[in-house]
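Hello,

Here is the structure I said I would pass on.

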Amino acid sequence: MKKVLLPIDGSKRSIRTVRMVKRVCRPNECEIYIAKVIGAQLYINSMEEIKHRADQARPELEEVAAMLEGFTVHTQVLLGSAPGVEIVEYAREIEADVIFMTRSTRGPIRKLGSVANYLVKNASFLDVFVMREDPETPEE
C-alpha cells in the first residue's frame, strides 16, 4: 500500500492539493498522511505557546482528513523551525512513497516556494509532486 504525504499550511492552495490526491489515488491502494508544521523554537516560543499552536492545528488537520472520506488517513502536527526539514524527516519516518503539495510562489519571478524547493532537492528517496497554483486562488 502506498503512503502519500500531504503537507498542509492552512492556505487555500494547500487544500487544493486534497482534490488532486482524490483524483489520482484510490482509497484501497494508499494511506494518506496529512502533516502541518508548527514553528517551535524554544529560544523564541514558550512551551505553552507551542502547545497552544499545536492544539489549534489539530482541528484543521481533522477538517482536511474529513475531505478524504473513504481513505485511511493519519494526521500529525510536526514541531520545528524549518518546515522543509521537518517534512523530509517525517517522510523518512513513515516511509512515504510520494509527497503531494502546491507550490507557493510569491513575488514577480514565480519560482517554487522555499519549502517545495527544499523538498524537491532533499527528498530524492521518494516522488515529490508539486502542483502549480490555481490562478483563481488569491495568494495568502
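The notes below cover the overall layout and then the nonpolar cores.

This is a predicted model, in which local features need pLDDT of at least 70, side-chain atom pairs count only at pLDDT 80 or more, and totals for chains, interfaces and linings use all residues. Residues are numbered from 1 along each chain as its sequence is written, and side-chain values use heavy atoms, with hydrogens and water left out.

The protein chain has four helices and five strands, taken as DSSP runs numbered from the N terminus (helices H or I, at least four residues; strands E, at least two). Along the sequence they follow the pattern β-α-β-α-β-α-β-α-β. Of the chain's 140 residues, 41% are buried, meaning under 20% relative accessible area with a 1.4 Å probe, protein chains only. Taking contacts (heavy atoms within 4.5 Å) between residues at least 6 apart in sequence, 77% join residues at least 24 apart.

A nonpolar core here is a set of buried Ala, Val, Leu, Ile, Met, Phe, Trp, Tyr and Cys residues joined through side-chain atoms within 4.5 Å. The largest has 20 residues, and Leu6, Ile32, Ile34 and Leu68 touch the most other members. Elements giving it two or more residues are strands E1 (2–7), E2 (30–39) and E4 (98–102) and helices H1 (12–24) and H2 (47–66). H2 supplies the largest share, five residues.

Regards

Terms used. Buried means under 20% relative accessible area, exposed over 50%, partly exposed in between (1.4 Å probe, protein chains only).
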